Amino acid sequence: MAPEVLAVLDWVCNQFAPFPGARSRLVTEPAKSVFKGIIGGFGKIKDAPAFIAFIGDMDDSFVQEEVGYTGEGIVLEATALGLNTCWVAGFFRPEIVASLIEVSKKEQVLAITPVGYARECKSWEEKLMTGFGRSHNRLALSKLARGLPTEQWPDWVNVSLEAARRAPSAVNRQPWSFEVQDDGITVLVRTRVPEFNVSKRLDCGIAMLHMEVAAADCGCKGEWEFLPSPQVAKFKIRS
Ligand SMILES: Cc1cc2nc3c(=O)[nH]c(=O)nc-3n(C[C@H](O)[C@H](O)[C@H](O)COP(=O)(O)O)c2cc1C
């Protein structure tokens, strides 16, 4: 990977830290020993030249959604730089990551992503592991959204919910639902979806980032208010 690409990515990791409870660090060591065995979403992760650690302050009440939101901002920037990534929250060795970066007592590495250039052609083994694409399907908005009737949604709501719906999540469980109100959208956890040792609120933080970026693209700015479970946060548009 070109040093100038790494330098930009490092800058992005240091700059994009919108919440006190989440930060990211680029580690330019081959990520081999960090990944545990075989992992599923993209097949195997091999030979990644670097990885990014997503670190949470466990004393922060909203740490999971903050890490999801922050990490996805960085993942999208890496993608814009032409890099490939894959969120990994289950199958990695946090103790090895913690030996490569400074992590304080109250912090925890909640997830990582390898960064590099993915092989174009998937092997049969990889196709089998991803269920021939099933792990990439997404639920329809009609199953996820409630509140204001669809016919009354302004354009920004359509675009933002479509972007949120397409967000990645652990084992593709899509643990979110959305309540559309006159002044914004509330993200909620769908309680029947399994936890699998990775917080569903972290996934919801990823969807929040997608929602806000899409809204901004429609010229619509707003603020997040974090909310208690099973709600996650409300995106309140600025009037
Ligand atoms: C928080 C989080 C954790 C994930 N953990 C893993 C993992 O441990 N191993 C893996 O192969 N994929 C992991 N993934 C990738 C998901 O399996 C993948 O995003 C999902 O199946 C949807 O696929 P797509 O994003 O390619 O459409 C994770 C994704 C997220 C958002």
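Which residue with positive phi follows H2? Gly-82 does, with phi near 90°.

This is a predicted model, in which local features need pLDDT of at least 70, side-chain atom pairs count only at pLDDT 80 or more, and totals for chains, interfaces and linings use all residues. Residues are numbered from 1 along each chain as its sequence is written, and side-chain values use heavy atoms, with hydrogens and water left out.

**Overall make-up**

The protein chain holds seven helices and nine strands. These are DSSP runs numbered from the N terminus: helices are H or I with at least four residues, strands are E with at least two. Of the 239 residues, 47% count as buried (under 20% relative accessible area, with exposed over 50% and partly exposed in between; 1.4 Å probe, protein chains only). Take contacts (heavy atoms within 4.5 Å) between residues at least 6 apart in sequence: 70% join residues at least 24 apart.

**Helix H2**

H2 spans residues 63-80 and has 18 residues. From first C-alpha to last it reaches 26 Å, close to the expected 26 Å (1.5 Å times one less than the number of residues). The helix is mostly covered, with 14 of its 18 residues buried.

**Cores**

A nonpolar core is a set of buried Ala, Val, Leu, Ile, Met, Phe, Trp, Tyr and Cys residues joined through side-chain atoms within 4.5 Å.

| Core | Residues in core | Including |
|---|---|---|
| Largest | 51 residues | Leu-161, Phe-178, Val-187, Met-211 |
| Second, separate | 13 residues | Phe-51, Phe-92, Val-97, Ile-112 |

The four residues named for the largest core are those with the most contacts inside it. Helix H7 (residues 200-217) gives this core its largest share, eight residues. Leu-161 touches Leu-141, Ala-145, Trp-153, Phe-178, Val-180, Ile-185 and Met-211, leaving aside residues up to four places away in sequence.

**The five-stranded sheet**

Five strands form an open sheet in the order E5-E6-E7-E9-E8, with mixed pairing. Strands pair if DSSP finds at least two bridges between them. E5 (145-147) and E8 (222-226) are the edge strands; each has a single partner, so one side of each lacks a neighbour in the sheet. Neighbouring strands are turned by 25° against each other on average, direction ignored.

E6 (residues 176-181) and E7 (residues 184-189) run antiparallel and are joined by six bridges. Gln-181 has Gly-184 in E7 as its bridge partner. Helix H6 (residues 155-165) packs on the sheet, touching E5, E6, E7 and E9 (231-237). The direction of H6 makes about 170° with that of E6 (axes are lines fitted to C-alpha atoms, for helices over the stretch in contact; angles run from 0 to 180 degrees between N-to-C directions).
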